[in-house]
Amino acid sequence: MAVSPARLRKRRRLLLTVGGVVVLGIAAALVLNAFRDSVVFFYSPSEVQARLDDPSLKLADRRFRLGGLVAEDSVVTLDDGVTTEFTVTDGAGEIRVRFTGMLPALFREGQGVVAEGRLEGANLFIAEDVLAKHDENYMPPEVAEALKKSGHWEGPEAAQ
Amino acid sequence: MTWRAFLPIGVFLVLAVALFVGLGRNASIVPSALVGKPVPTFALPALDDQTRGFTSADLKGNGLSLVNVFASWCAPCRAEHPQLMALGQRDDVTLYAINYKDDPAKARAFLDKLGDPFAAIGADPTGRVSIDWGVYGVPETYIVNARGEIIYKHVGPIMPQDLEAKIVPLLDGAGS
Amino acid sequence: MIAEIGHYALVLALALALLLATLPMIGAARNDTLLMAAARPLAVGLAAFVLLAFGCLTTLYVVSDFSVVNVASNSHSAKPLLYKISGVWGNHEGSLVLWVFILALFGASVALLGGNLPARFRARVLSVQAMIALGFLLFTLLTSNPFLRLDPVPANGAGLNPLLQDPGLAFHPPFLYLGYVGFSVAFSFAVAALIEGRVDPAWARWVRPWTLAAWIALTFGIALGSWWAYYELGWGGWWFWDPVENASFMPWLAGTALLHSAIVVEKRDTLKSWTILLAILTFSLSLLGTFIVRSGVITSVHAFASDPARGVFILAFLVLVVGGSLALYAVRAPMLRPGGLFQPVSREGALVVNNVLLAVATGTVLLGTLYPLIEDVVSGQKGSVGPPYYALTFVPLMIPLIVAMGIGPLLKWKRDELGAVLRRVWLAFVLALGVAVVVAYLQDGGPVMALVGVALGVWLIIASLVKWAEQVRLTDGLAGLGRRIRRLRGGVWGMVLAHLGLGVAVLGMTASTAWEEAVLQVMAPGETVSVGGYDFTFEGVTPLPGPNYTAVTGRFLVSRAGRPFAVLDPETRYYAEPPMTTTEAAIRPTLWGDLYAVVGEEARTGGWAVRIYFKPLQHWIWWGAAIMGFGGLLSLFDRRWRVGVAARARARESETIGVPAT
């Protein structure tokens, strides 16, 4: 196994290059694939209503985030005790949301909320996850971050 | 083969441009669904007997108005108050306030200490009217034209630089 | 008065940083020993003044001086002392002071402990370190001064946020910053080496302990943060892939890669250019993290609604530091001579695999973090990627990494034979497969990825133990075994424990995600529900007044096979100012899993909505992280780094034939 240093060096460089390209290629494929499947867009109720029939968005059959305020007096617990319905409004439009599960601690009427899930028909949104948006007091990022975690809150997009 | 050594900085510069564009965008977004629309119809009772109630009628046909949503428990509200006091000096705009989910006595103490530039202060203890305005949190400030349409929404405290860069030019422009 | 002293101390620190950033650098270029010698006292002085400023700010918080804006908006006289102190860094301005303080502390440590560094090199390192401090001090003084006064003085502060009053959160930022900022030392060493135009094993030997110290702090910091989220949050999540978490995770990944590639530089004098690049990138990612958190580009639009100047400042600084260092790299890196040769199957080869995978994984996290920004710029849409994205990108990259982690440490330097090495880890292979099969049988199959995770965890633990057994020559018999164990080097202990700890954590992550049992229902007092083999009997709810909140406490009696096992008392608290509800989950960790109970709203139909979880192996995640950090500590105290024989040898050589470079 006597290999000259020059050949070894060349071989090593080739190996590094090929290895790097292969890993990068796989990673790029993974990333592209993941972006296609797991990107979740954010819409407000009025946007959803305005663009429901927009064929490029396919709102009817894709998972997205719905954000707005929980309308006052709209929260109703169904008979099973753990399913809740409420109305999300952005002042210009509203959509009814149904969620089975325990709402985050910061969820309250009149508060910001982000629900992730799918539409069922034009006016009912079945949420798989509800994030309360605690933003009553505009605050520094650390605090917002802490609140976000505690309340399972989601911030940036929801400020629309 | 030195070009490879320049690869990292190339990638970084692209990233930096993207970050800069992102920074610019974020500073300018936060539009409200209500900007350009008439103010919601509402009638709020007076905070206490030192002021009067605040209704949607106040905002129509009375020149430019500025509506500030505040609470005494909100620290940024305290920070922006000097700027509101400065705006209160202007003759071409009337300041109104919605006191959001607050104890009237504490709100009054807040104003006694920092000054009261408001022509009327409506109390919104449940936050119900604030929802109609699309309020996400406090402080928020709206500028309403003489026709009663919302022309601008400011999210978060109005800092001195916001006053110069956004509010004052807007008021100057809308007034002329 | 105290505020003015603090402010003044910051200004003086700025002046010292300016001197330190320039004089020794000029001295190094002109061969002026006097200017170079100024570096050490200046670095210590800089740290002293920043410490003074930090001390002033802390004092202001402790005495609740509400005439200072920062204190008034972030503290409250009724806070316990601990949270008054942690309030110092619980806000933007104060956290910057802590940032600069830690940075200056690291600089002073290099000055004081770096006696074995060549004077020219040390002068350059300290200068680069001071340039970073200069930027952050300017940022603090120009846009985020924590010592501004407030007039009129409010009667009390506004910062009584109950959620922030938690020990986990109080100590989370200092650890994170120790890690973030600690990587600045590796950065300064890298830039100084680029200026000198040489990197050799002695360089790696100096850099490794500093990088390791930062890595340990960051490991603990990240673990602490996720532990806090798990306890405080009320639904049992422990990692969210949100931008702020990613901001700390990316430097950790890159720093881990750096730790490993520096080993190759030290032992084999090769991969030099790549290691320098990693050192620059690791700290750049720390700065980027700071930018992301501070600027609000991604986390929150409101963060900078008050002052966009901050975002622009940090970005400009980022461009200067990262762009400058990368430009220097582009010019100087090709000058670094390639070093020792190795075959693909060798210790170096395995470490290269480690580095490539870690670097690419860091890249996927970076892409995911910046995705909302990219989408916004490209299409104007508001999109985001969540855990599913990372499950599809990051996780698959970790599988080959963990497989390689089991084999790599057993390989010889330069050249080895894969077959022979695989035969040495047959036990790990068989056990990994065996445990996975048993788990699959017990769980009736289960998700494939979860079984893979179990197999990988077991594989890594056993393979690490095999390495340990070989090192102490376990098969040589018990005679003298104790002595052989005691004499095992700290570095080996560290490597074995860090790898083993990751295996433990992987088992915890896998099991708690895949086999969590959850019940969500309305329970009336007296009802019993069975979760994870435990019977939870709901006793009902009692009101409980607190100091500044009202609460209700639920009570569950937990029994196992008819025997009482535990009592869980979850709470829900209602605060008035600001109006807020918090959930205090009741958690009982056991070796095999956590019992986790939350009580929610009272149901209209009577009874209360409750959530009960059994989370198998949940705490293994944090035990694993603790083992990793502990391994790092053992390695940090490895006696070879204190001896520093090679370092002194190079120091002499460098003094005599040092290459003058500008």
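**Figure 1. Confidence along chain C.** Chain C has a mean pLDDT of 86, with 91% of its residues at 70 or more; pLDDT is the predictor's confidence in each residue, from 0 to 100. This is a predicted model, in which local features need pLDDT of at least 70 and side-chain atom pairs count only at pLDDT 80 or more, while totals for chains, interfaces and linings use all residues. Residues are numbered from 1 along each chain as its sequence is written, and chains are lettered from A and ligands numbered from 1 in the order in which they are written. Helices (H or I, at least four residues) and strands (E, at least two) are DSSP runs, numbered from the N terminus. In residues 299–306 of chain C the pLDDT is below 50, and beyond near neighbours in sequence this stretch has 37 contacts in the model; two residues are in contact if their C-beta atoms, placed from the backbone, lie within 7 Å. Residues 643–649 of chain C also have pLDDT below 50, with nine contacts beyond near neighbours in sequence. For the model, the scores are ipTM 0.77 and pTM 0.84.

**Figure 2. Two domains of chain C.** Here you can look at domain 1 (1–165) and domain 2 (517–616) of chain C. Their bounds come from an automatic or database domain assignment. Taken over C-alpha atoms, the centres of domain 1 and domain 2 of chain C are 44 Å apart.

**Figure 3. A four-stranded sheet in chain C.** This open sheet has antiparallel pairing and the strand order β2-β11-β10-β9 (chain C); two strands pair if DSSP finds at least two bridges between them. At its edges are β2 (517–523) and β9 (586–590) of chain C, each pairing on one side only. On average, neighbouring strands of the sheet are turned by 15 degrees against each other, direction ignored. Axes are lines fitted to C-alpha atoms, for helices over the stretch in contact, and angles run from 0 to 180 degrees between N-to-C directions. Strands β10 (residues 593–602) and β11 (residues 608–616) of chain C run antiparallel and are joined by eight bridges.

Figure 4. Chain B holds five helices and seven strands. Of its 176 residues, 43% are buried, meaning that 20 or more other C-beta atoms lie within 10 Å of a residue's own, with C-beta atoms placed from the backbone (exposed: 12 or fewer; partly exposed: in between). The open sheet has mixed pairing and the order β5-β4-β3-β6-β7 (chain B). Because β5 (120–124) and β7 (150–155) of chain B each have a single partner strand, one side of each is left without a neighbour in the sheet. Five bridges link the antiparallel strands β3 (residues 64–70) and β6 (residues 140–144) of chain B. Among the residues to look for is Leu66(B), with Ile143(B) as its bridge partner in β6(B).

**Figure 5. Chain A, end to end.** Three helices and seven strands make up the secondary structure of chain A, and from the N terminus on they run α-β-α-β-β-β-β-β-β-α. Of the 160 residues of chain A, 49% are buried. The chain averages a pLDDT of 73, and 75% of the residues score at least 70.
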